[in-house]
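User: I am new to this structure and would like a guided tour. Could you show it to me?

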Amino acid sequence: MMHFADSLTFSGRKVVAAWAALPFPALSGSLLPDILSAHQQDLPWKLLSSCREQKVSCCFAQSVVLRGICQEKGKSESCPGQPRSPLHSCESPEQVLQQFLHTQFPGAFSTSHVLQQPCDTRPPFPQFFSPLLTRRGFLLDKAQGSSSGGVQSIPVLAALQSSPVLHSLLSGLCRELRAPGLRRWSSFFTAGLEQDDFQEALEELRSLAQCYETGFGASEDEADSD
């Protein structure tokens, strides 16, 4: 995982954020271009890392994996007579996902993979799913009675991103370490940590947070950490 994260970081950045859609929101039988076209304004995955910001409008690099979406050709939901979107012009699911990522994050380095096998959720996987899911994890128009087998598999999208939302996370961590003073960390110094090393680590953390800053001038988080 460390080497994988390194492949997505550059320009002094060392940290990536995790995102996931579990399950990936899709109606049974829908084609991937139709599914992704419905999420042009609201990305279908949520941030798993503990950042205050839950939406991302840009990123520096990312790796995205989608699994469990049927790849066979079927009938598109596009209305007759309307021009096909660039997503519908792609020849493979991999190209569809890559085109979607390129549209949402222009200029970002993106890698994507589409796997047909879904994520297995049979016992002992916890059955915390909505009644609006089929046994294969696809969305229903209305809730149905739960089956004895529960949800047996789900489509999943997962992503690792090097993005500006990490500035909030890292600068917040730096602020938390600075605010209470050194007395809170007395056990660390008792164990052999030198105060100079502690201060140096804080400066490195602050510098790392600044690597994810995209705007001009000092941000509110940076001001608070001074």
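User: What should I know about the model before we start?

Analyst: It is a predicted model, in which local features need pLDDT of at least 70 and side-chain atom pairs count only at pLDDT 80 or more, while totals for chains, interfaces and linings use all residues. Residues are numbered from 1 along each chain as its sequence is written, and side-chain values use heavy atoms, with hydrogens and water left out.

User: How many helices and strands does the protein chain have?

Analyst: The protein chain has 7 helices and 7 strands. These are DSSP runs numbered from the N terminus, with helices being H or I of at least four residues and strands being E of at least two. Along the sequence, the pattern reads α-β-α-β-β-α-β-β-β-β-α-α-α-α.

User: And how many of the residues count as buried?

Analyst: Of the 226 residues in the protein chain, 38% count as buried. Buried means under 20% relative accessible area, exposed means over 50%, and partly exposed lies in between (1.4 Å probe, protein chains only). As for contacts (heavy atoms within 4.5 Å), among those in the protein chain between residues at least 6 apart in sequence, 75% join residues at least 24 apart.

User: On to the helices. At what angle do α4 and α6 pack?

Analyst: Helix α4 (residues 165–178) and helix α6 (residues 195–210) pack at about 155 degrees, and their axes are 8 Å apart. Axes are lines fitted to C-alpha atoms, for helices over the stretch in contact, and angles run from 0 to 180 degrees between N-to-C directions. The two helices are therefore roughly antiparallel; angles under 35 degrees count as roughly parallel, over 145 as roughly antiparallel, 65 to 115 as roughly perpendicular and the rest as oblique.

User: Which residues make that contact?

Analyst: On α4 they include His167, Leu170 and Cys174, and on α6 they include Phe198, Leu202 and Arg206. The residues of this contact divide into 9 nonpolar, 3 polar and 3 charged. Here Ala, Val, Leu, Ile, Met, Phe, Trp, Tyr, Cys and Pro count as nonpolar, Asp, Glu, Lys and Arg as charged, and the others, Gly among them, as polar.

User: New topic: how many aromatic pairs are there?

Analyst: The count is 4 aromatic pairs. Rings of Phe, Tyr and Trp (its six-membered ring) pair if their centres lie within 6.5 Å; planes under 30 degrees apart count as stacked, over 60 as edge-to-face and the rest as tilted. Phe60 and Tyr212 form a tilted pair, 6.4 Å centre to centre with 50 degrees between the planes. Phe60 lies in the loop between β2 (46–47) and β3 (61–67) and Tyr212 in the loop between α6 and α7 (220–225), so the pair ties together parts that are 152 residues apart in sequence.

User: Is Tyr212 buried or exposed?

Analyst: Tyr212 is buried, at 0% relative accessible area. Phe60 also counts as buried, at 15%.

User: Which residues do ring pairs link into a cluster?

Analyst: Phe125, Phe128 and Phe129 are linked in this way. Phe125 is partly exposed, at 26%, and Phe128 is exposed, at 52%.
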